[in-house]
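This briefing goes through a few side-chain pairs and single residues of one protein chain. Have the sequence and the model open while reading.

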Amino acid sequence: SDDARNTKLEQDLNGDNAFDRVTVRTIADSGVTTVTVTEQDSTGKLQSRGETVPAANGLTVTARADADGDGTYERQTVSKKVLNADGSSTLTAEAMSDSGPAYRRETTVTSDDGTTVTYQLDREANGSFDVKRVQSTTSVSCGVRTAKVTEASGSGRGYYAETSVTS
């Protein structure tokens with residue numbers, strides 16, 4: 001568009017002189033940018049479509065997918081970020097089908113200084129985390145940096161640990 005609030009990128013990915021992928025980026029008056037990506041066959045028939053829509057505050061993003069091109073979004077993921085009082089942030093992502101409750105939940109907590117990230121996965125969105133991964137980084141004044149990664153099952157049983165030191 002003339003005001004650059006709407007852009008369209010058409011791509012011929014396989015060289016058959018037909019656009020296979022079309023990406024449309026729209027910026028609303030509120031500043032929210034919606035991105036829609038469609039995949040189509042050589043006749044222009046819709047094969048799949050994905051759309052990403054952030055909330056005006058930027059703390060919630062909804063991503064929807066029409067995997068079979070029938071015009072109905074079968075899946076969506078809603079990601080919500082909370083800025084905690086202690087300076088840390090919590091990002092929760094829930095995946096759900098078009099007809100039901102969440103079937104997968106992920107939570108990521110990042111410390112206020114960004115040195116510790118705790119990721120938890122609830123594969124079935126049943127309220128019980130199946131995987132917990134903690135990644136932490138420390139630096140000392142002499143330039144030595146230590147990074148630690150641990151993974152554990154939902155019961156807390158550790159099954160992976162890694163430490164790396166960089167100087």
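Glu 39 is partly exposed, with a relative accessible area of 23%. In this predicted model, the residue takes part in a salt bridge with Arg 21, and the closest N and O atoms of the pair are 2.7 Å apart.

**Arg 21 and the count of salt bridges**

- Arg 21 is also partly exposed, and its relative accessible area is 26%.
- How many salt bridges does a search of the whole structure find? The search finds eight.

**Glu 51 and Arg 64**

- A salt bridge joins the side chains of Glu 51 and Arg 64, at 2.2 Å from N to O.
- This pair links distant parts of the chain, with Glu 51 in strand 4 (residues 46–54) and Arg 64 in strand 5 (residues 60–66), 13 residues apart.
- Is Glu 51 buried or exposed? Glu 51 has a relative accessible area of 14%, and because buried means under 20%, Glu 51 is buried.
- Arg 64 has a relative accessible area of 30% and is partly exposed.

- Asp 122 and Arg 105 form a salt bridge in which the closest N and O atoms are 3.8 Å apart.
- Asp 122 belongs to strand 9 (residues 116–122) and Arg 105 to strand 8 (residues 102–110), so this pair ties together parts that are 17 residues apart in sequence.
- Asp 122 counts as buried, at 1% relative accessibility.

**Thr 118**

- Thr 118 is placed in strand 9, the strand that holds Asp 122.
- With 18% relative accessibility, Thr 118 counts as buried.
- Not counting residues up to four places away in sequence, Thr 118 touches Thr 107, Thr 108 and Val 109, and also Lys 132, Arg 133 and Val 134.
- Among these partners, Thr 107, Thr 108 and Val 109 fall in the range of strand 8 (residues 102–110).
- Lys 132, Arg 133 and Val 134 fall in the range of strand 10 (131–139).

**Thr 23**

- Thr 23 counts as buried, at 16% relative accessibility.
- Where does Thr 7 lie relative to Thr 23? The two are 16 residues apart in sequence, and their C-alpha atoms are 8.1 Å apart in space.
- Leaving aside neighbours within four places in sequence, Thr 23 is in contact with Thr 7, Lys 8, Leu 9 and Gln 11, as well as Val 35, Thr 36 and Val 37.

**Gly 143**

- Gly 143 is found in the loop between strand 10 (131–139) and strand 11 (145–153).
- Gly 143 is partly exposed, with a relative accessible area of 48%.
- From C-alpha to C-alpha, Gly 143 and Thr 166 are 8.2 Å apart in space, and they are 23 residues apart in sequence.
- Which residues does Gly 143 touch, not counting those up to four places away in sequence? Gly 143 touches Thr 166 and Ser 167.

Note on methods
Residues are numbered from 1 along each chain as its sequence is written. This is a predicted model: local features need pLDDT of at least 70, side-chain atom pairs count only at pLDDT 80 or more; totals for chains, interfaces and linings use all residues. Side-chain values use heavy atoms; hydrogens and water are left out. A salt bridge is a side-chain nitrogen of Lys or Arg within 4 Å of a carboxyl oxygen of Asp or Glu. Buried means under 20% relative accessible area, exposed over 50%, partly exposed in between (1.4 Å probe, protein chains only). Helices (H or I, at least four residues) and strands (E, at least two) are DSSP runs, numbered from the N terminus. Contact means heavy atoms within 4.5 Å.
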